[in-house]
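Please read the report below beside the sequence and the structure.

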Amino acid sequence: MKKINITLVLFFVIVLVSSHLFAQSPAQLAKGKQFIIDADIPWQEIGPGVKRKIMSYDETMMMVKIDFQKGGIGAPHKHVHTQMSYVESGVFEVTIADKKQTLKKGDGYYIPSNVMHGAVCIEAGVLIDLFTPMREDFVK
């Protein structure tokens, strides 16, 4: 029987583990993250003047940071997820069902499941969104 070179075996184990880690998307790497370091999370462009970071999640909830440039639009949509959002900075015109409200830093809003909603950024800013359950469509 031939002797196996332990260095060679370790090299292949490291390569396999590394390739698995690097094959994961930034959103997949956020799963179950307990300490969330903003600077370590890359932005994902999701539309003109809008980008997001998946901060952390599990099957029951998800936190997402969304950066809007002035004029950026969160197009009207609805989903089964209950959503709460916090305005970290900027000014937004938020529509929930047939109600419209201008919100600024420190404000927030609640969206029940399956209710049409959207936002228009009046002054560049950031929203922190919380979803329950987590948004599976964001990590595919």
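Lys31 counts as partly exposed, because its relative accessibility is 45% and the range for that class runs between 20% and 50%. The model is a predicted one. Glu59, the salt-bridge partner of Lys31, is exposed, with a relative accessible area of 52%. In this pair the closest N and O atoms are 2.6 Å apart.

**Salt bridges**

Side chains of opposite charge can pair when their charged atoms come close. The structure holds four salt bridges.

| Pair | N to O distance | Relative accessibility |
|---|---|---|
| Asp38 and Lys65 | 3.2 Å | Asp38 30%, Lys65 11% |
| Arg135 and Asp137 | 2.7 Å | Arg135 8%, Asp137 43% |

Asp38 and Lys65 meet through their side chains in a salt bridge, at 3.2 Å from N to O. Asp38 belongs to the loop between helix 2 and strand 1 and Lys65 to strand 3, so this pair ties together parts that are 27 residues apart in sequence. Is Lys65 buried or exposed? Lys65 counts as buried, because its relative accessibility is 11% and the cut-off for buried is under 20%. Asp38, at 30%, counts as partly exposed.

Arg135 and Asp137 also meet in a salt bridge, with 2.7 Å from N to O. Arg135 counts as buried at 8% relative accessibility, whereas Asp137 is partly exposed at 43%. Salt bridges with shared partners join Asp38, Lys53 and Lys65 into one network.

**Overall layout**

How many helices and strands does the protein chain have? There are two helices and eight strands. Along the sequence, the order of these elements is α-α-β-β-β-β-β-β-β-β. The protein chain has 140 residues, and buried residues make up 31% of them.

**The largest pocket**

Rolling a probe the size of a water molecule over the atoms shows where empty space is left. The largest pocket has a volume of about 360 Å³. Its lining is made of 22 residues, and those closest to the centre are Ile66, Phe68, Gly74, His77 and Asp129.

Which strands supply at least two residues each to the lining of the largest pocket? They are strand 1 (44–47), strand 2 (50–57), strand 3 (62–68), strand 4 (73–77), strand 5 and strand 8 (117–132). Strand 8 gives the most, with six residues. Sorted by class, the lining of the largest pocket holds 13 nonpolar, six polar and three charged residues.

Met61, Met84, Tyr110 and Leu130 make a nonpolar surface patch of about 390 Å². One of these residues, Met84, lies in strand 5 (residues 82–96). Met84 is partly exposed, with a relative accessible area of 47%.

**Backbone details**

Ala97 has a phi near 55°, which is positive in a residue other than glycine. Ala97 lies in the loop between strand 5 and strand 6 (99–104), and at 48% relative accessibility Ala97 counts as partly exposed.

Asn114 has a positive phi of about 60°, although Asn114 is not a glycine either. The loop between strand 7 (108–111) and strand 8 is the place of Asn114. Asn114 is partly exposed, with a relative accessible area of 43%.

Where is the cis peptide bond with omega near -10°? This bond runs from Thr132 to Pro133. Pro133 is in the segment after strand 8.

Notes:
Residues numbered from 1 in each chain as written. Predicted model: local features only at pLDDT ≥ 70, side-chain atom pairs only at ≥ 80, totals over all residues. Heavy atoms only, no water. Patch = residues over 30% accessible without salt bridge, like charges linked within 9 Å, V, L, I, M, F, W, Y side chains within 5 Å. Areas by Shrake-Rupley, 256 points an atom, 1.4 Å probe, with all protein chains shown as cover. Helix = DSSP H or I, 4+ residues; strand = E, 2+ residues; numbered from the N terminus. Buried < 20%, exposed > 50% of the residue type's maximum accessible area, 1.4 Å probe, protein only. 1 Å grid on protein atoms, 1.4 Å probe; cavity = no way out; pocket = protein on both sides within 12 Å on 5 of 7 lines; lining within 4 Å. Points joined across faces, edges and corners; volume = space filled by probe spheres on them. Nonpolar A, V, L, I, M, F, W, Y, C, P; charged D, E, K, R; others polar.
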